[in-house]
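Thanks for coming. I have one structure to go through today, and I will keep it short.

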Amino acid sequence: MAQGNSTFSVIGSDVTIKGDVSASVDLHIDGKIEGDIKCASLVQGEGSVIQGGVTSDTARMSGKVVGSITAKELVILKSAQIQGDVHYDALTIEQGAQVDGRFAPNTQRQTAKPPAPAVKDPKLQVAS
């Protein structure tokens, strides 16, 4: 594809990437990634290993992940092995999937951030 207008990228089973991966298109991973992944849509193959965080609008996980996952729509297939926290808007888990971590909807994650401290001590003032 010399035109460069591909709608998805594939990382084959014989590929290992050490470093963060960012894609503006859909990503299919069959290989090994040692780093964080950010993409529009992620499909993870059964033999694939991801060591790092995953951030995606939609994700379909069926391999091994050691790290947190944040997705709007997340599907965890029965072959998946996830070690890390999972944040989602919509979640589907097949019977047999292994997840060692906490589940929390994205709304909880966004409201869990502490508010900015209010200036109450007269010794501390915010410069304008």
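Serine 62 is where I start: beyond its neighbours within four places in sequence, this residue is in contact (heavy atoms within 4.5 Å) with Gln44, Gly45, Glu46, Leu77, Ser79 and Ala80. Before going further, this is a predicted model, in which local features need pLDDT of at least 70 and side-chain atom pairs count only at pLDDT 80 or more, while totals for chains, interfaces and linings use all residues. Residues are numbered from 1 along each chain as its sequence is written, and side-chain values use heavy atoms, with hydrogens and water left out.

Back to serine 62, which sits in the loop between β8 (54-61) and β9 (64-66). Strands here are DSSP E runs of at least two residues, numbered from the N terminus. Is serine 62 buried or exposed? Serine 62 is buried, because its relative accessible area is 7%; buried means under 20%, exposed over 50%, and partly exposed in between, with a 1.4 Å probe and protein chains only. A polar atom of the serine 62 side chain lies 2.4 Å from the backbone oxygen of glutamine 44.

Six strands make up an open sheet with parallel pairing, in the order β2-β5-β7-β9-β11-β13. Two strands pair if DSSP finds at least two bridges between them. At the edges are β2 (16-18) and β13 (98-100), each pairing on one side only. β2 and β5 (residues 32-34) run parallel and are joined by three bridges; isoleucine 17 has isoleucine 33 as its bridge partner in β5.

Leaving out residues up to four places away in sequence, leucine 74 touches Ala59, Met61, Ile69, Val86, Tyr88, Ala90, Leu91 and Thr92.

Last, confidence. The mean pLDDT (the predictor's confidence in each residue, from 0 to 100) is 85 for the protein, and 79% of its residues reach 70 or more. Over residues 111-128 the pLDDT is below 50, and this stretch has three contacts in the model beyond near neighbours in sequence. Where pLDDT is low, the predicted coordinates should not be read in detail.

Key. Helices (H or I, at least four residues) and strands (E, at least two) are DSSP runs, numbered from the N terminus. A polar contact is a pair of N or O atoms within 3.5 Å; within protein, one must be able to donate a hydrogen and the other to accept it, and residues adjacent in sequence count only if both atoms are side-chain atoms.
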